[in-house]
Amino acid sequence: MLVCPAGHSYDVARSGYVNLLQPQDRRSRAAGDAKSVVEARARLFAAGTGRAVLDALASRAATLTLDAHAGVADLGSGSGDLLGTLSARLPIAGVGVDLSQAAAEHAARRYPALTWVVANADRRLPFPDRSAKLVLSLHGRRNPSECARVLAPGGFLLMAVPAPDDLVELRALVGGQPLARERSHRLVDDHTGHFMLVEQITVRERQHLDRGMLLDLLRITYRGERRSAAPRVDALTSLEVTMASEVFLLAPVQT
């Protein structure tokens with residue numbers, strides 16, 4: 001059981017996670033990713049698909065000056081692979097936060113030594129002020145002011161967003177046209193006032209994927225769900241696919 005300073009108590013589920021999600025923090029009863037989406041993401045990582053950005057984040061985090069058992073928060077932790085990979089390299093006090101109960105349950109079973117929490121990280125992070133040395137975000141949403149609040153002096157925000165050419169071949173085949181989305185400028189602008197940019201790199205990999213992996217990619221990105229795309233999805237057999245992410249390292253602005 002966890003108890004907050006105000007006296008509220010929260011039970012740890014049998015599978016090892018804590019649910020802090022309040023009714024006002026969810027838009028539906030089944031908030032966040034479904035179990036099938038979480039399992040699809042885990043299958044892809046286990047097969048080595050999409051791991052380039054995961055390994056790049058973990059490797060960069062390992063080069064930062066972190067004390068032993070430093071607090072590390074992973075926002076939108078999903079299947080738990082990022083925090084799990086980092087904890088295998090560094091002795092951290094890792095906490096994964098995700099809106100999905102299925103994601104927290106999956107992560108808790110795979111990485112029981114870490115802490116997994118169901119909460120809405122878009123609103124308020126379930127951490128005290130200046131309690132974390134590192135905040136991670138892999139293709140997830142984040143609240144800049146909350147990230148700045150929980151970071152201790154000398155801490156960092158390390159995050160990744162899909163690059164314009166991410167899954168470009170699959171998007172063209174299923175959607176009919178490879179629409180490019182430039183996120184980096186808006187992301188930096190969103191964090192202005194709370195953070196300063198320290199480093200930006202692009203991580204890119206290309207893999208030849210079979211039908212099963214392509215369907216898993218469609219599941220985790222929610223592409224191919226339109227009825228008009230069904231014939232193109234049904235025709236998928238294999239494809240050479242680009243997976244690309246922009247990685248940003250930011251430091252809080254000292255006030």
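Guide: In this predicted model, a strand is a DSSP run of at least two residues marked E, and strands are numbered from the N terminus. Glutamate 199 lies in one such run, strand E9, which covers residues 195–210.

Visitor: Why does glutamate 199 count as partly exposed?

Guide: Its relative accessibility is 27%, whereas buried would require a value under 20% and exposed a value over 50%.

Visitor: What makes the link between the side chains of glutamate 199 and arginine 60 a polar contact?

Guide: The two side chains are joined at 3.1 Å, and a polar contact requires a pair of N or O atoms within 3.5 Å, one able to donate a hydrogen and the other to accept it. Arg60 is also among the residues in contact with glutamate 199 when neighbours within four places in sequence are left aside, together with Val247, Phe248 and Leu249. Leucine 249 is 50 residues away from glutamate 199 in sequence, yet their C-alpha atoms are 5.1 Å apart in space.

Visitor: What makes E9 an edge strand of its sheet?

Guide: The open sheet has 8 strands in the order E3-E6-E5-E4-E7-E8-E10-E9, with mixed pairing. Strand E3 (17–19) and E9 each have a single partner strand, so one side of each is left without a neighbour in the sheet. From one strand to the next, the twist averages 20°.

Visitor: How do you know that strand E8 and E10 pair?

Guide: Pairing needs at least two bridges, and 6 bridges join strand E8 (residues 151–162) to E10, the two running antiparallel. Valine 161, for instance, has glutamate 246 in E10 as its bridge partner.

Visitor: How do you know that the buried residues of helix H6 are on the same side?

Guide: In H6 (residues 168–175), the buried residues are Leu170, Arg171 and Val174. They cover an arc of only 100° around the axis, which puts them on the same side of H6. The buried residues of H6 pack against helix H8 (211–221), helix H9 (230–234) and strand E10 (238–252). Just after H6, glycine 176 takes a positive phi of about 95°.

Visitor: Which elements have the lowest and the highest mean pLDDT?

Guide: Strand E2 (residues 9–10) has the lowest, at 49, and strand E7 (residues 132–138) the highest, at 97. For the protein chain the mean is 88, and 87% of its residues reach 70 or more. Where pLDDT is low, the predicted coordinates should not be read in detail.

Terms used. Residues are numbered from 1 along each chain as its sequence is written. This is a predicted model: local features need pLDDT of at least 70, side-chain atom pairs count only at pLDDT 80 or more; totals for chains, interfaces and linings use all residues. Side-chain values use heavy atoms; hydrogens and water are left out. Buried means under 20% relative accessible area, exposed over 50%, partly exposed in between (1.4 Å probe, protein chains only). Helices (H or I, at least four residues) and strands (E, at least two) are DSSP runs, numbered from the N terminus. The arc is that of the directions from the helix axis to the C-beta atoms. Contact means heavy atoms within 4.5 Å. pLDDT is the predictor's confidence in each residue, from 0 to 100. Axes are lines fitted to C-alpha atoms, for helices over the stretch in contact, and angles run from 0 to 180 degrees between N-to-C directions.
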